[in-house]
Amino acid sequence: DRSATFDLSKSPVTLSTSSHVVKVLANITNSAASRTIIMSMQRSSDAMFVDSQLGQPVTPKANGTTFSAVSTGTITIQYASSAGVSVSLDPSSPNSAVAVGASNVKWATFSMLASGENVKVSDLYVVASSTKSTGAIDGVGGLNNGRIMVNGVQVGSTHDINQGNASTVRGSATDFSFGSSLILPAGQTTLVDVYADAQDTAGTNLTNGGTVVVRLITGSANGQGQSSLTSTSIPSSVVAGNSITVSSSSLTPSSSTTYGNQTVLAGSNNAKIGSFALSTGSTEGVTVNTIAISMTAANAASITNLTLKDHDTGNVIGSVITTPSGSAVSAGQNNNSFPVNIDIPVSSSKTVDIYANVLSGANVGTIVTYVDTGTTGTGDTTGQSASVSSETTLQTITIGSGTLSVSKGAGDPVSNNVIAGASSVNVGEFNFAASNSAYTVQNLAILVPAAQSNDVTNVTVSYKDVNGATQTATKALVNNGSGNATATFTGLTMYVPSNDSSNLDVSVGIPTIASNATSGAGIRVSLDMGATAGTFKAIDSSGAATTSLNGGTNVTAGGTFYVRKSIPTIAAVPTGVTVPATGTPLYKFSITADPAGAIEWTQLAFNISTSSATVTNVYLTDDATGVSLLDSTGNNQYASTSASVATTTLLYNTSGAAQYAQVAAGATKTYDLYGTVTGFTTGSSITISLASDGSVGTLNTASSELGNKMVWSDRSATSHSVSTQDWTNGYLLKNFTSSAVTYSK
């Protein structure tokens with residue numbers, strides 16, 4: 001009955017007390033072209049509204065008065081002759097260069113959109129402006145073997161596309177007739193591609209550097225609406241594709257940016273004397289079949305075994321030229337040709353390195369190689385030849401000398417306490433740096449002061465060989481009565497790359513205290529740089545030996561490693577206190593003895609810094625027992641503090657009996673620091689930490705060490721007591737600096 005009823009009773013819509021717009025939407029069918037539509041509400045009963053509070057129906061009114069029929073305006077469905085067909089150059093239309101002679105090239109993509117109804121396109125009129133770089137028509141003009149593809153499928157027959165431009169009339173354009181095979185569905189974009197060969201209509205290849213523009217010429221009643229049967233012109237005006245350049249296949253060499261000018265040694269084998277990249281253009285890839293390398297006659301006489309290698313894989317390319325050729329001038333001579341088979345894809349490059357043996361008598365000063373015009377290839381798509389257009393100069397290789405230097409490495413370990421009996425302690429790192437030549441270090445000697453020779457069982461060096469594999473060697477120390485004991489190494493294979501560096505790591509074994517290691521002994525190693533004849537030898541790439549570095553001055557590692565029978569480690573322990581107060585622990589810490597043995601301590605110092613508050617009567621307790629630690633006078637409270645005052649807590653006092661605390665091997669003891677806190681209010685702060693010693697202390701009795709911040713012993717002396725000389729300070733003990741706690745309000 002030409003009506004539509006929307007029943008919302010199962011899901012009513014609530015309308016608030018404001019204005020609302022109700023829209024009626026519908027899909028328009030293809031058969032509706034040129035029809036008109038009017039929607040209306042004829043009676044008040046055509047709409048039902050219910051008051052949400054009273055539950056009673058409400059009679060609708062029209063425009064605030066009594067009800068009368070309400071109609072929309074007249075809606076007309078577009079049809080072909082009124083809306084036409086929109087034709088435009090699609091954003092995906094190609095604009096990249098095309099290879100000379102390429103076949104089946106897509107030159108343009110047009111988008112077509114019919115509105116209102118399906119439209120049949122009976123014909124499209126196409127021209128191609130193919131011109132040389134000078135602007136003249138290329139050959140006889142036009143394009144060979146043109147065809148139309150619609151959404152990827154060819155429609156119509158193949159025809160040559162006539163030469164033409166935006167002013168060309170339909171009669172001079174190529175008419176692609178489709179019959180009924182091209183129908184544009186309404187509301188859907190259809191893509192129309194124009195394909196042809198990169199040849200003129202006579203089949204002659206277009207010239208390098210020319211351009212091509214494909215155009216759709218204005219139609220005349222070549223479209224018909226499938227519902228209204230009205231005619232329209234497709235396109236309604238000329239639509240042009242992008243201007244596309246025709247380009248020959250290209251092969252371009254360039255000096256490698258990752259390899260600069262170098263210095264190599266006369267007598268060097270397999271020396272890298274050049275590096276270059278071969279690049280293709282944007283039209284097609286190239287299979288390179290010949291690489292031509294040129295050089296002067298003097299350069300050629302200075303080298304043998306000229307070799308090309310793939311930079312990425314290191315594989316040899318082509319054959320090795322044992323005796324290279326040269327000429328008085330290098331340009332265009334193509335002295336040395338290498339047959340190759342290298343496929344380089346479109347818009348890509350391949351890096352090639354040049355190697356040779358440099359004769360020991362070479363004295364030409366510099367060696368320069370060139371990629372010459374005899375470097376050729378074949379286009380992967382068109383099969384046309386491509387060649388290097390001009391000679392390219394590569395790196396300058398200077399015949400010179402190499403240098404090798406040594407210094408402390410970046411990873412040289414810092415001073416530390418070490419446990420007697422350790423099988424391997426890293427005590428030094430030395431960095432060897434090479435210039436202009438690679439070196440192989442074969443012999444070297446590690447020195448340890450003679451006074452510490454009994455504290456080292458052996459010396460081990462670790463390094464990398466030419467293959468990057470880690471190698472180690474271990475030697476015993478020999479004390480020859482001079483100032484140093486020596487571990488001498490021969491037959492090493494340590495590799496130092498040219499213009500790069502390599503590290504030598506040194507570690508030592510340490511005997512136990514029972515095996516004559518001395519507690520407190522400081523082990524420090526040096527590298528003998530040839531002061532002693534025959535102790536150092538490195539071979540450069542030419543085979544020459546270097547037997548002395550740094551003027552024979554030894555290089556000493558930066559760290560000193562102090563031998564201990566056992567070592568305490570100190571760590572902060574959370575107090576759980578947020579507001580400092582008398583009777584609660586202000587600071588808590590633990591002391592852990594190494595499993596190697598027990599330790600004892602008899603003095604600790606605390607830094608107590610205050611602001612707008614005071615801490616007095618500080619004392620220590622054993623956290624496990626709560627018992628206060630007493631000094632020799634029986635006191636458990638120590639010096640009071642004010643702002644920024646360091647307080648020392650003593651467990652040993654020279655005026656009375658010795659007092660000390662012991663931590664068993666591998667065990668941990670926790671201690672609490674208490675004090676009387678006053679004046680802690682808004683703006684106050686208190687910072688507490690253990691005080692550390694800044695330099696090494698000599699071994700002595702406990703009483704002699706009391707000037708330090710911490711006094712402790714590794715119990716290494718026979719019949720150990722507070723009077724034996726195995727007490728020292730807290731230098732290098734761990735976690736002092738990270739143990740501070742701060743309270744603020």
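Below is a chat about a pocket, a surface patch and some salt bridges in a predicted model.

Colleague: What kind of model are we looking at?
Modeller: A predicted one.

Colleague: Okay, pockets. How much space lies in the second largest pocket?
Modeller: About 370 Å³.

Colleague: How many residues line the second largest pocket, and which lie nearest its centre?
Modeller: The lining has 18 residues, and N270, A271, A438, Y495 and S498 lie nearest the centre.

Colleague: Which strand gives the most to that lining?
Modeller: Strand 23, with four residues. Strand 23 covers 262-265, and strand 24, at 271-280, also supplies at least two.

Colleague: And how do the lining residues divide into nonpolar, polar and charged?
Modeller: Eight are nonpolar, nine are polar and one is charged.

Colleague: Switching to the surface. Which residues form the nonpolar patch there?
Modeller: F6, L8, V13, L15, V24, M39, F49 and V58. Together they have about 770 Å² of accessible area.

Colleague: Where is F49 found?
Modeller: In strand 3, residues 49-50.

Colleague: Now salt bridges. How many does the count come to?
Modeller: Seven. In one of them the side chains of D310 and K350 meet, at 3.1 Å from N to O. That pair links distant parts of the chain: D310 is in strand 26 (residues 303-310) and K350 in strand 29 (residues 349-358), 40 residues apart.

Colleague: Is D310 buried or exposed?
Modeller: Buried, with a relative accessible area of 13%.

Colleague: What does D623 form a salt bridge with?
Modeller: With K588, and their closest N and O atoms are 3.4 Å apart. D623 lies in the loop between strand 53 (614-622) and strand 54 (645-650) while K588 is in strand 51 (residues 587-593), so the pair ties together parts 35 residues apart in sequence.

Colleague: And are those two buried or partly exposed?
Modeller: D623 is partly exposed at 33% relative accessible area, whereas K588 is buried at 15%.

Colleague: Which residue forms a salt bridge with K588 at 3.9 Å?
Modeller: D672, with 3.9 Å between the closest N and O atoms. D672 sits in strand 56 (residues 668-678) and K588 in strand 51, so this pair ties together parts 84 residues apart in sequence. Both D672 and K588 are buried.

Definitions and conventions:
Residues numbered from 1 in each chain as written. Predicted model: local features only at pLDDT ≥ 70, side-chain atom pairs only at ≥ 80, totals over all residues. Heavy atoms only, no water. 1 Å grid on protein atoms, 1.4 Å probe; cavity = no way out; pocket = protein on both sides within 12 Å on 5 of 7 lines; lining within 4 Å. Points joined across faces, edges and corners; volume = space filled by probe spheres on them. Nonpolar A, V, L, I, M, F, W, Y, C, P; charged D, E, K, R; others polar. Patch = residues over 30% accessible without salt bridge, like charges linked within 9 Å, V, L, I, M, F, W, Y side chains within 5 Å. Areas by Shrake-Rupley, 256 points an atom, 1.4 Å probe, with all protein chains shown as cover. Salt bridge = Lys/Arg side-chain N within 4 Å of Asp/Glu carboxyl O. Buried < 20%, exposed > 50% of the residue type's maximum accessible area, 1.4 Å probe, protein only.
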